[in-house]
Structure formats: structure tokens, C-alpha cells
Amino acid sequence: MTNRTTPGSPARASGRRRWTALAAGLLLTAGTLTGLDAPAVAADGAPVTVTVNARAGLARVPDTALGVNHAIWDANLGTTQTSDLLRAAGVRMLRYPGGSYADIYHWRDHSAPGGYVAPGTDFDTFMAGARRVGAQPMIIANYGTGTAAEAADWVRYANVTKGYGAKYWTIGNENYGNGHYGSAWEADDHADKSATQYARLVVEYADAMKAVDPSIKIGAVLTMPANWPDGLTAGADPGPWNQTVLTLAGPKIDFVDVHWYPGGSAADSLARTAHIPDASWLLRQQLARYAGPNAERIGISFTELNVGAGQNTQPGALFLADAYSGLLENGAFTVQWWNVHNGIGTVSEVAGQTDYGDFGLLSSGGCTADGSVCEPPLNTPFAPYHGLAMMNLFTRAGDQFVRAGTDQPLVSAHAVRRADGDLAVLLLNKDPENAYPVTVDYAGFTPSGAAPTVHTLANGATGIASGQSGSATSRTLPPYSLTTLVLHPAGPTQVAPGAPGQPTAGAVTDRTATISWPAATRAPGGAPIAKYEVYRQYGAIGEQLGETAGTSLTVGNLDPGRRYTVNVLARDTAGNVSWSSPPLTFVTGTPAESACAVRFTLGTDWGNGYLGTVDVVNTGPSPIDGWTLTWTWPTPWQQVSSGWSGTWSQTGAAVKVTSTDDNRRLAAGGGATSTGFVGAYSGPNVLPTAFRLNGTLCTTR
């Protein structure tokens, strides 16, 4: 059992985590548009509409999806009771040796100079526990105070000597926190603490470790888009951390390792799960732009998550289920909570429940320094543990996430379809005070009329309640609750063709794109495939773009500068429809020729704001005397704070800048001017790509 008085104990680590969460919260909160992050909408009795679209496929659930962190300062790391609890919650990946301790840990003698190492936490003990849980390990090699040779020897011991088959190895932990950008919490003995040096040594580590076991996968540390130090460039690095690391180490790595502490109040954290799709998109764009050929092979892991408030009460459970679902449906191969045990922190009351400020899934059983408040007995599950157990009931390896959405910001929905034909729907009520009646509409799936299986985690509950009740289309969600519905299909399961393969987009213009895909396979004993249908995901609504008997389709009538996500389904001659293909996301361009051209340049970035420059060119045959440039931000959390060389205004997400007397005249055939602004963002900063000058859509350069 650990407590706050133990030197280097979990309390010390949790203090570091609180600092990280606070820093992230400050960065995300600065510049926030009023009312966006935590809408206060009271239930008025009108049902919330939930839409589930089984035709709008997202990522499949991997067998490493549900993960948590272990740490060498946790004396209960290897106990049977701890392992059995993790197994019961469905944990399938365990990270070791524990956050920042990884950069001071030496596996050979099981030491961490400057930190506390609990007895019974060595690597072999960890692996025995992981095997009991049924989880794969993710191991952090010591970058801060270690060497490539030490890491290679660890691979040799793990996979050659012991035959553990440890597949996933990350080089370091939060190494951007080594002082290079001003803040220093991560150990780093290298004289050169730059992103460039980290990337160079990732290559050295990868070469040494894969020389021992070529089958392992190597991960490099990145930062979450819109979280510190994203956007910052320091020293002689050629760009920000992510760009520098991917440019130099991209060809050598197999996955990237990202942490996310959204920070702020409980309401802030729960609202910021809305950032996940855009953050995932930006991360994928960074990989595609900087990581070299075949960047799509690089996986994404989120190995530390937690909330800024309500860590072991219902906000933690709600955030865990919502964030795990959002990250997995956007393609992460594992999501891992910080932490199994962590220790008591600042005690408060959250929605009528005592919160111990503990970042652990399970109680450490400790007390505050003055002994006035003590946690429940050791290994008592906190609310996030039950949230993880709910994820285990909701998802199974091999399930496919499908699009789900609601018309109420305090109610979230996720859904998966299963190989046996069932559909599972996860419903989250983030309102601590009000219940919400919901109606559920289904597309591409017809539920049975029988009562569904229902799993519910209510605020303050000590476990998940399960039973069969109600209907598939109507339910009331208690305040601060998680509900999973498991639905059987009406009628027998179809003998459907296999899903088409991963689509690709080619010949993308401002208005058209050619979508191609690997052919689907005919079901054994089933009818021949008759055609393929291409659908666009419009939120949770599906819009058919066309159909063809072939494996390629050119779609038209697209909007310039817009992000599209599409799926392909196969239909056989008997009318049976396959699962959807994996999703394809692409962005349309702007006209190759126009009477105007625009270049948007992102300048100095400080983590929640930046300097933007917009160059405007009149490429038309006539001069312009007075101009207005307009665009629309891709997200609601982006803003123009101030500007120059123009009169700037913003209404909602729509931005307008008009000329001044000094720059109103643009000569024909190339007359140009430049204007600029201070931009602010409180979430992923997705830059605009479509601009109009006096109403004319411009070419974006």
C-alpha cells in the first residue's frame, strides 16, 4: 500500500500528472469562445434524437484496444487481486514501467535513481501479471538516462531469453518535457535536448532493438495536436516537435505514442471529447506529410488519459468511455488510462460523491497527510474502472464502430456492429442533474422487437447493473450515466458478402474525386456480387454518392475545400448488403484556374494562438478596386482575435476581411496584397482551405 508520505511514491507521480493536466487546461482554455466548451442545456422533456448509421463504418476494434498503465512504484502491480480485477474489466494492454519513471528506470537491476521502486514490481513480475490478465505489454525503453544498447538488451532478455513475445516498445515518455520548450519534468541526461536529437536517437534505438528482434514495433513520442508544445519550434529544430520527429525518424518507427489530459473542470473535460475527430485528423495529416513513404502503416497509440477534475468519480467514468470510443473509432490501436493505482490527492465532492483526487482505477487505500480523509480499502474500484468495464461490455475485438450522433451536446452516442449480427449502442448522459429521454433511429439495421440487453452505470453506483428491458428505440438516461444497449437484428442474420477493402481517392479536384477499392468477396454459398454503393458520412446521416458494378467510381458535385469521409458497401444479387469498407477521408481542392489566388501561411504559434498571413492575388483580366475576402473556419473553437492591413470581423465561424484605402486596388493579371491576423484556438487548429474574393472562389496556393 502506498501513501503520500512515501518518497517518490504514487502521490509524487500524481502531482506531476496534475501539473500536466493543469498546463493542458490552461493552453486549451485560453482564447476559448464563450459557451462552446461546456454548454449548460437543461432537459426540457423533449426527447433527444440519437441516430445510429450501420452503413457508416469507422475503425474496427483491435485486440489491444482497452489498456491501462502500471508503474514500478506500485507495490500492488503484481498481485493476483490486481490482475484479476484488470482481467475482469477487459484490459488487453498494459504499459510498463510507468510514465516519467520510464526515463530513469534501468531494467537490469530494477532501479530508478532519484525515484522510488516498490518491491515485487520487476519486469518478470509485470509479465507474469500481464499474462494473468491476458494483456499484451507495451514497454517504455529508457531514453532519458538510458542507451540504445540497454534497450536492445531488454528486447533480447524479453523475447529471446524469456520468450515473452513483447511486441510494442516506445522510446521514452513525454520527452518534449525535458526543458527544450521551457518546462522540465522529464529526465534527460543528453546535452542536446532538442527534438532533432530525440529523433536521431529514436533511429539509433530502433536499429539496435530490431537487430535483436525484427518483429517488434517501435514507437516514438509525439504530442497531441493543440496541446503543448504542439506548434512550438525551439532551438535549431526545423519545425515543431511532431514535424521534426516524424521527418527524421518516420521511416524507422511503427507507431506514435500520444498523451491527452484535456484539463479544466469536469464539464470542460467531458466537452472536449468533441476535439477527438479533428485532433485525430491532424495527427494523420502530420504523419502523411512528414513521416515518409507508406506513412499509413504507422499506428497511433494514446497511452495516457485522465480528466482534470473528478478523476475517480463519474466524470472520470464518462470521459473514459467517451474518449476511448472516440479515439478507437478514429483508428487508435490502443487507449490506456493513467493509472491502475496512483494515490490520494485533493479531496472534493463531485455530483454528490466523494472524489479523492486519485488518478487510479483502483483505490490505493491511503489517507491524506493529516489523516482526516481515507480512501476505501485497497483495490476498491473507482468509477473509471466501471467505465472501463462498460467498454468491455460495449466492444469486442473485431467489432466495427459505426457512426452515431445526437442533437444534444450533453448526450453522446457510439455504436458497434458485431460479427454475430448484433448491434451495441453506448449512450452517455454528461448532465449531472437532469435525466434525458432519448429516441434512437437506425439506418442499415433493423432491431428485433424483443427487449434489448441493457447495461447501466449510474452516478455513485458500485458496479454496472445489467438486465433486459424497454425497447431499442426509446429510453430515459439517468443523470451522469452510461448505458449500453445490445440489440439483436430482426430476422435471421444475412449471408452477406465480405466488406470491400480500404478505399483510396485519386484525381481529387475542387468538385470531383475518383474513389477506388479492392473488390469484396462473395459469401460462401451466397449470391454473386451485383454492385457497390458509395456513401458519404454526413454526421450520422448517410448520403449515397453513387453506385457501380466495378471497383471505382468518380463522384461529383462536391464542395471545394471540404473534408469528406466515405464508405463503400457491396450488395449481392439477392439484395444482401455487406458491412461497410473502412472509412476513407479526403479533402477536395480549389479551382486550378480562377480570377484570384490566396496563400494562407501559419506563422509563429504559441500553443493556443498564432500569427496568420493571407496573401491575395488578382489573377483576373480586370483590376479590382475594393475587395472583401471571406472564409469559414472548419471548427467552432477557432477565432480571429485581431488583424491588420484590413478590417476584420467574425460571425460564428465565418470570417470577413475588407480592404483599406492603402491596399484596395489590385491590378489585373497579378496585382497582390497581404493582410494578417492573430488567430486563437481552444481545440485542434484545422486550417481553412477555401477562400472567396468578392464572392469568387479562389485558387489556394
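**Reading salt bridges and a sheet**

Mentor: A search of the whole structure, a predicted model, finds 18 salt bridges.

Trainee: How many salt bridges does the search of the whole structure find, and what lets such side chains pair?

Mentor: Side chains of opposite charge can pair when their charged atoms come close. Here the search gives 18 salt bridges. Take D420 and R396: their side chains meet at 3.9 Å, N to O. This pair links distant parts of the chain, 24 residues apart. D420 sits in the loop between β13 (411–417) and β14 (423–429). R396 sits in the loop between α10 (383–394) and β12 (400–406).

Trainee: Which residue meets D399 in a salt bridge?

Mentor: R418, with 3.6 Å from N to O. D399 lies in the loop between α10 and β12, and R418 in the loop between β13 and β14, so the pair ties together parts 19 residues apart in sequence. D399 and R418 are both buried.

Trainee: Where do D625 and R664 lie?

Mentor: D625 is in strand β29 (residues 624–625). R664 is in the loop between β33 (654–658) and β34 (665–666). The two are 39 residues apart, and the pair links distant parts of the chain. Their closest N and O atoms are 2.8 Å apart. R664 counts as partly exposed, at 26% relative accessibility.

Trainee: Which residues do salt bridges with shared partners join into one network?

Mentor: K531, E533, E547 and R571.

Trainee: Now the sheet. What is the order of the five strands?

Mentor: Strands of a sheet pair through backbone hydrogen bonds, either parallel or antiparallel. This open sheet runs β31-β35-β28-β27-β38, with mixed pairing. β31 (638–644) and β38 (699–700) stand at the edges, each with a single partner strand, so one side of each has no neighbour in the sheet.

Trainee: How many bridges join β27 to β38?

Mentor: Two, and the strands run parallel. β27 covers residues 596–605.

Trainee: Which residues make the nonpolar surface patch of about 280 Å²?

Mentor: W606, L611 and W644. W644 takes us back to the sheet, as it lies in strand β31. W644 counts as partly exposed, at 38% relative accessibility. A patch residue needs over 30% relative accessible area.

Conventions. Residues are numbered from 1 along each chain as its sequence is written. This is a predicted model: local features need pLDDT of at least 70, side-chain atom pairs count only at pLDDT 80 or more; totals for chains, interfaces and linings use all residues. Side-chain values use heavy atoms; hydrogens and water are left out. Two strands pair if DSSP finds at least two bridges between them. Helices (H or I, at least four residues) and strands (E, at least two) are DSSP runs, numbered from the N terminus. Patches are made of residues with over 30% relative accessible area and no salt bridge: like charges are joined within 9 Å, nonpolar side chains (Val, Leu, Ile, Met, Phe, Trp, Tyr) within 5 Å. Accessible areas come from the Shrake-Rupley method with a 1.4 Å probe; for residues, only the protein chains shown count as cover. A salt bridge is a side-chain nitrogen of Lys or Arg within 4 Å of a carboxyl oxygen of Asp or Glu. Buried means under 20% relative accessible area, exposed over 50%, partly exposed in between (1.4 Å probe, protein chains only).
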